[in-house]
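Please keep the sequence and the 3D view at hand while reading.

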Amino acid sequence: MRVNVVKSPEEMGKRAAAIIAEGMRSKPHYVLGLATGSTPIPLYQELIRLHKEEGLDFSTTITFNLDEYVGLPPTHDQSYRYFMNEQLFNHVNIDPKHTHVPDGMTDNPELHCLTYEAWIEDVGGIDCQVLGIGGNGHIAFNEPGSSLASRTRMLSLTEETIKDNSRFFASIDDVPKQAITMGVGTVLEAENILLLANGANKAAALAAALEGPVSVKVPCSAVQLHPEVTCVVTEDAATALTLNFRS
Ligand code: PGA
């Protein structure tokens with residue numbers, strides 16, 4: 001586990017983007033696992049800058065997003081497909097066919113989840129999975145209580161996550177109650193994990209995830225079992241960490 005503490009969200013974005021760019025330059029058909037939410041936005045801004053100013057090439061990059069709300073079409077401005085198009089895909093030379101986000105409108109979630117996993121396997125697995133952490137320790141939509149061996153599936157969101165995410169919707173009643181998410185077990189199969197955290201509201205969850213017991217109470221704690229984890233976290237998110245992390 002490597003933990004890089006940085007001064008600002010911008011620095012977090014730059015550090016994370018540098019790690020991803022190095023991976024993309026070293027391997028054609030690099031497979032990126034991507035996350036939504038406010039945390040990775042500075043990362044996506046820096047990746048766009050690297051593309052425009054330094055020629056970072058996305059033409060052979062393949063992406064898989066962690067999750068999507070059930071019931072929101074890609075055209076809905078709160079769907080994660082829409083978010084990814086707006087925040088990254090529309091601004092780089094990625095082939096839209098190489099970008100994957102779970103389909104929140106599928107009429108057969110079970111089959112879709114199995115297919116999503118098969119697509120990841122078909123391209124040889126994820127090279128680098130970007131993760132944020134929820135205030136309750138979730139990763140993707142794997143809420144506390146999610147099995148650490150869980151796979152891609154449809155599930156119900158907790159009240160806390162619905163409340164956290166209601167800031168993006170006109171009213172809390174508009175927040176979808178279900179989502180499709182990669183499982184914790186799916187995430188752990190990535191070659192590398194890049195965990196980002198920004199803000200004092202993440203400090204307790206981050207410390208529980210990195211220093212607490214590995215537990216279904218804190219799904220992000222599963223990253224302790226992964227051999228290649230790099231955390232890039234802002235100073236305010238790191239305040240509750242006490243250990244000197246070694247790899
Ligand atoms: P945030 O969400 O980046 O918007 O804080 C992270 C998460 O809930 O996984």
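**The pocket and its ligand**

In this predicted model, three elements, β4 (67-69), α3 (80-87) and α5 (159-165), each contribute at least two residues to the lining of the largest pocket. Of the elements, α3 gives the most to this lining, with 5 residues. In total, 37 residues line the largest pocket, and those nearest its centre are T36, G37, S38, N165 and R167. The volume of the largest pocket is about 730 Å³. Sorted by class, its lining consists of 14 nonpolar, 16 polar and 7 charged residues.

What takes up this space? The largest pocket is the space taken by the ligand. Around the ligand, within 4 Å, are G37, S38, T39, I133, G134, H138, R167 and K202. By class, the shell holds 1 nonpolar, 5 polar and 2 charged residues.

Which atoms of the protein come up to the oxygen atoms of the ligand? From the side chains, a polar atom of H138 lies 2.7 Å from a ligand oxygen, and a polar atom of R167 lies 3.3 Å from a ligand oxygen. S38 takes part through its backbone, where a polar atom is 2.9 Å from an oxygen atom of the ligand. How much of the ligand surface does the protein bury? Taken alone, the ligand exposes 290 Å², and the protein buries 81% of that.

How values were computed. Residues are numbered from 1 along each chain as its sequence is written. This is a predicted model: local features need pLDDT of at least 70, side-chain atom pairs count only at pLDDT 80 or more; totals for chains, interfaces and linings use all residues. Side-chain values use heavy atoms; hydrogens and water are left out. A polar contact is a pair of N or O atoms within 3.5 Å; within protein, one must be able to donate a hydrogen and the other to accept it, and residues adjacent in sequence count only if both atoms are side-chain atoms. Accessible areas come from the Shrake-Rupley method with a 1.4 Å probe; for residues, only the protein chains shown count as cover. On a 1 Å grid over the protein atoms alone, a cavity is a set of points where a 1.4 Å probe fits but cannot get out, and a pocket is an open set with protein on both sides within 12 Å along at least five of seven lines; lining residues have an atom within 4 Å of a point. A molecule sits in a cavity or pocket if more than half of its atoms lie within 2 Å of its grid points. Ala, Val, Leu, Ile, Met, Phe, Trp, Tyr, Cys and Pro count as nonpolar, Asp, Glu, Lys and Arg as charged, and the others, Gly among them, as polar. Grid points are joined across faces, edges and corners, and a volume is the space filled by probe spheres set on the points. Helices (H or I, at least four residues) and strands (E, at least two) are DSSP runs, numbered from the N terminus.
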